[in-house]
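My entries follow in the order in which I made them.

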Amino acid sequence: MKLKSETIFPKGDKITNTNFIGTVHLQMLVASDSINPTAIGNVTFEPGARTKWHYHPAGQILMATDGVGYYQEKGQPKKILRKGDVIKCPPNVPHWHGASPESHFVQVAVTNNNKGVTVWLEAVTEEEYNQ
């Protein structure tokens with residue numbers, strides 16, 4: 001029996017802020033609030049698209065649901081992510097994530113905001129991206 005590849009959640013709206021390089025879409029699934037400070041979003045990166053370096057004061061969990069992506073913590077080698085991979089981003093550790101140059105990448109990002117919101121840093125250079 002062959003499984004058909006389909007996205008689980010809608011692609012969402014194109015992100016227009018400056019915290020991403022390339023074309024990225026976001027579909028918020030759960031917004032954080034005073035009762036539950038956890039936000040969950042479905043993020044779709046077009047090939048070559050990625051976040052800037054950033055960190056989360058309470059950490060983040062990334063669940064790869066389609067395509068091929070990258071994840072890298074500052075000072076560590078880049079990891080290749082494929083459907084079914086899960087990454088636990090430690091609190092206050094700068095990192096970036098996004099799509100490989102040849103493939104889109106879809107992730108569900110689970111972000112706890114109880115210790116503060118995402119802190120955005122500098123852009124990922126082409127050299128860093130291509131390492």
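**Thr44**

I began with Thr44, which is buried at a relative accessible area of 8% (buried is under 20%, exposed over 50%, partly exposed in between, with a 1.4 Å probe and protein chains only). The model is a predicted one, in which local features need pLDDT of at least 70 and side-chain atom pairs count only at pLDDT 80 or more, while totals for chains, interfaces and linings use all residues. Residues are numbered from 1 along each chain as its sequence is written, and side-chain values use heavy atoms, with hydrogens and water left out.

I placed Thr44 in strand β4 (strands are DSSP runs of E, at least two residues, numbered from the N terminus). Leaving out residues up to four places away in sequence, I found Thr44 touching Lys11, Thr23, Val24, His25, Phe105 and Val106 (contact means heavy atoms within 4.5 Å). For one of these, Thr23, I noted a C-alpha to C-alpha distance of 8.5 Å from Thr44, at a separation of 21 residues in sequence.

**Cores**

I then looked up the largest nonpolar core, which has 15 residues (a core is a set of buried Ala, Val, Leu, Ile, Met, Phe, Trp, Tyr and Cys residues joined through side-chain atoms within 4.5 Å). Its members that touch the most other members are Val24, Phe45, Leu62, Tyr71, Ile87 and Phe105. At least two residues of this core come from each of β4, β7 (60-73), β9 (86-89) and β11, and β7 gives the largest share, three residues. Apart from this core lies another, of five residues, including Trp53, Tyr70, Val124 and Tyr129.

I also listed the contacts of Val24: beyond four places in sequence, Val24 touches Asp13, Lys14, Ile15, Val43, Thr44, Phe45 and Ala49.

**Arg50**

Is Arg50 buried or exposed? Arg50 is buried, because its relative accessible area is 3%. I found Arg50 in strand β5, residues 50-51. Its side chain reaches the backbone oxygen of Gly48 at 2.7 Å, a polar contact (N or O atoms within 3.5 Å, one able to donate a hydrogen and the other to accept it; residues adjacent in sequence count only if both atoms are side-chain atoms). With neighbours within four places set aside, Arg50 is in contact with residues including Phe20, Phe45, Trp96, Glu126 and Tyr129.

**His54**

His54 counts as buried, at 1% relative accessibility, and sits in strand β6, residues 54-55. I noted a polar contact of 3.3 Å between the side chains of His54 and His56.

**Largest pocket**

I read off a volume of about 430 Å³ for the largest pocket (an open set of points on a 1 Å grid where a 1.4 Å probe fits, with protein on both sides within 12 Å along at least five of seven lines; lining residues have an atom within 4 Å of a point). Of its 24 lining residues, Leu26, Gln60, Thr111, Thr118 and Trp120 lie nearest the centre. Two or more lining residues come from each of β3 (24-30), β4 (38-45) and β11 (105-112), and β4 gives the largest share, four.

**Asn92**

Last, I checked Asn92, in the loop between β9 and β10 (95-99). Asn92 is partly exposed, at 46% relative accessible area, and its phi is positive, near 60 degrees. Most residues other than glycine have a negative phi.

How values were computed: Grid points are joined across faces, edges and corners, and a volume is the space filled by probe spheres set on the points.
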